[in-house]
Amino acid sequence: MIRKTLLASSLMFISATSMAADDANNAIMSNFSYDYVEARIGFSPSTFGAGFSKSIHPNAHAIASIDSELDGDYDLAAGLGFHAPVNNWADITGEMLLRVVDDNHKFHNDTGMELNLGVRQWLGPQLEVGGKVGYLSIDDNDDTLFSVYGRFHSTELFSIGAEGRFNGIYGDQLLLTARFKY
């Protein structure tokens with residue numbers, strides 16, 4: 001009897017340990033790729049931009065992006081982000097970015113920072129939606145930023161999307177994006 005109890009207890013302990021180890025591995029698995037290069041075109045005003053993201057840890061990535069109206073202006077952002085799964089179909093994201101902006105109006109080569117928090121969600125096998133809210137502080141100007149987007153993943157390596165940015169450097173804007181995963 002003691003032998004059977006000891007054997008059953010050992011099997012329960014081993015299975016519980018393996019299940020806990022499996023859950024720990026799932027906790028760091030992201031639902032999305034954070035290794036990509038992106039090109040974008042903005043409307044109203046017309047802007048052109050590019051972005052880059054590279055995973056540096058299972059739950060962190062480095063980010064760099066630039067946007068411009070090609071009129072001697074620029075909006076440069078670079079920094080670090082985190083991502084963590086909420087469930088099997090969604091990630092929570094956040095970024096801390098250094099911003100350098102010259103928009104030929106309000107900012108003239110001014111530096112500041114941006115903090116944001118967002119979510120990415122799969123609606124189907126190829127359709128992703130998401131959004132973020134952020135705080136932007138540049139040269140004594142504090143703003144709240146908003147963004148929502150939809151992205152269609154035509155293949156594992158390529159996706160196209162539409163994004164609405166609100167209260168950004170260039171005001172409210174619609175962007176079309178193409179993302180290449182590497």
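**Aromatic rings and their neighbours**

At 42% relative accessibility, Phe180 counts as partly exposed. The model is a predicted one.

Visitor: Why is Phe180 called partly exposed?
Guide: Buried means under 20% and exposed means over 50%. The value for Phe180 is 42%, so Phe180 is partly exposed.

Visitor: How many aromatic pairs are there?
Guide: The count comes to three aromatic pairs.

Visitor: Why is the pair of Phe52 and Tyr182 called stacked?
Guide: Ring centres must lie within 6.5 Å, and planes under 30 degrees apart count as stacked. For Phe52 and Tyr182 the centres are 6.1 Å apart and the planes stand at 5 degrees, so the pair is stacked. Phe52 lies in strand β2 and Tyr182 in the segment after β10, 130 residues apart.

Visitor: Why is the pair of Phe158 and Phe180 called tilted?
Guide: Their planes meet at 45 degrees and their centres are 5.2 Å apart, so this pair is tilted. Stacked would need under 30 degrees, and edge-to-face over 60. The pair links strand β9, which holds Phe158, with strand β10, which holds Phe180.

Visitor: How do you know that the charged end of Arg120 sits over the ring of Tyr34?
Guide: The distance cut-off is 6 Å from the ring centre, and the charged end of Arg120 is 4.9 Å from the centre of Tyr34. Arg179 lies over the face of Tyr36, at 3.8 Å from the ring centre.

Technical notes. Residues are numbered from 1 along each chain as its sequence is written. This is a predicted model: local features need pLDDT of at least 70, side-chain atom pairs count only at pLDDT 80 or more; totals for chains, interfaces and linings use all residues. Side-chain values use heavy atoms; hydrogens and water are left out. Rings of Phe, Tyr and Trp (its six-membered ring) pair if their centres lie within 6.5 Å; planes under 30 degrees apart count as stacked, over 60 as edge-to-face and the rest as tilted. Helices (H or I, at least four residues) and strands (E, at least two) are DSSP runs, numbered from the N terminus. Buried means under 20% relative accessible area, exposed over 50%, partly exposed in between (1.4 Å probe, protein chains only). A charge sits over a ring if NZ of Lys or CZ of Arg is within 6 Å of the ring centre and within 35 degrees of the ring normal.
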